Every structure is written in C-alpha cells, then in structure tokens.
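Visitor: I'm new to this one. Can you put it up and take me through the salt bridges?
Guide: Here it comes.
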Amino acid sequence: MTSLKQQTEAKVAAGRQANPDFMKGIDEVIAEAKAFQQGGDALAVGQRVPAFELPDAEGNLVSSADLLAKGPLVVTFYRGSWCPYCNLQLRALQARLADINALGAQLVAISPQVPDGSLSKNEISEMDFIVLSDQNAKVAAEYGVAWEVPEFMLNHMKVDRQLDLESINNGNGSVLPIPATFVIGTDGVITWRYVDVDYRTRSEPDDIIEALKKLSA
C-alpha cells in the first residue's frame, strides 16, 4: 500500500514539473517560515488542550468536552476541501478510520471553511469522521497552529486557483491552519502531535495509530 508520504511526494514532484517557478517560490516561503519557527508556538505533548465548540456541516454545535467524554480524540487541522494535499491526507485517514475507532478514539477534522451547502456536499464531509468549521481560525490559534499566509501564496490561490478564501471562510481571507494533528487523551492532555508549516507534508496514519495504541496500553 502506498504511504501518505509517497502520495504527497508524488504530488509535489508533479507540481514541480507542471509549475517549477511556483514550487520554487513555495520552497522559499516554507524555508523562511521554518527559519522563523512558524508553528513553534503549537501546543506541545503534555499540555492540556483548550475546550472548543464548533459547528459541523449542518451547523450543529459539537463540543470537545462531549467528545472526550466518549474516548480519546485525534484532532487534525486542514486548510479546506480545495487543498489537494488535505484531500490526500483525509482519504488516507478515512482508510484507517476503523483502526482508529477500534482503539476507542474519534477523528475530528477542523478547517476554516464555512458550514454551508458546499461544505455539506463536498467529498470530505461525506467521510465517516467529524468535520468542523473554525471560520475565524480561533481554535487553530488556541492550538498555536494559525498561520498568516504569505502574500505570494495568497496571490497564487486567488489568480491561479481562482479561490476566494474570504467567501470560502466567511470573511477570513488570509489566516489558515498549519496542517497539524494532535492525539488527545480523555483527560484533555496531548500525548502525540505532528506540526509542520510545510503544507505539503502530513502525519502518517500509522504513526497516529501507534500513538493511540500507546495511549490505550
């Protein structure tokens, strides 16, 4: 089975071939962000997570306290259904969802995307995990993974991708979450995390499952 890392690396390679100048620019933006340790303020293993209450695709509020009362949580922040790397990641997680659930855990995916008709009909919302909307990236900021997107990337999204982030995210046109995943125990404490400002890299489902096994041991 092809790993998520192999899938994302193949997509990066295809992007370099199709648009080498853009990918070079992204490399420079990511290098600069890492140099300034963007994402370095993300909640660490051993820290307690802040409680949240966010709407799902139908606008129903979902509470982290209610979810943690049922078992551990895997909370993953993604940029939106428009992001091909996010779709790769969430498909990979969907494929291992039965293993995650078998360990007593629930998967929660959070993005700034507004919970409207488009969100309720997109591919991600049809998956079997919980999808929540953090429109102003407030929860992402509380987890330390909100990122003011560089102008270079915003221009690419607007001009090349024809993406209107202000509309997609209900007014938030410049702040996106760093792709990050947290494994959280029923006590609300982080036991494992993956945070990387490079949106082209993601945590492997196998690593998440191993973290859940250690939590339940």
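Visitor: How far apart are Glu28 and Lys24 in helix α2?
Guide: They sit 4 residues apart in helix α2 (residues 20–35), so about one helical turn separates them. A helix here is a DSSP run of H or I with at least four residues, numbered from the N terminus. This is a predicted model, where local features need pLDDT of at least 70, side-chain atom pairs count only at pLDDT 80 or more, and totals for chains, interfaces and linings use all residues. Residues are numbered from 1 along each chain as its sequence is written, and side-chain values use heavy atoms, with hydrogens and water left out.
Visitor: What does Glu28 form with Lys24?
Guide: A salt bridge, with the closest N and O atoms 2.7 Å apart. The term means a side-chain nitrogen of Lys or Arg within 4 Å of a carboxyl oxygen of Asp or Glu.
Visitor: How many salt bridges does that rule give?
Guide: The count is 9.
Visitor: OK, helix α7. Which residues lie 4 apart there?
Guide: Glu142 and Lys138, about one turn of the helix (residues 138–142). They form a salt bridge too, at 2.9 Å between the closest N and O atoms.
Visitor: New topic. Is Asp198 buried or exposed?
Guide: Asp198 is buried, at 9% relative accessible area. Buried means under 20%, exposed over 50%, and partly exposed in between (1.4 Å probe, protein chains only). Arg200 is buried as well, at 7%.

Key: Helices (H or I, at least four residues) and strands (E, at least two) are DSSP runs, numbered from the N terminus.
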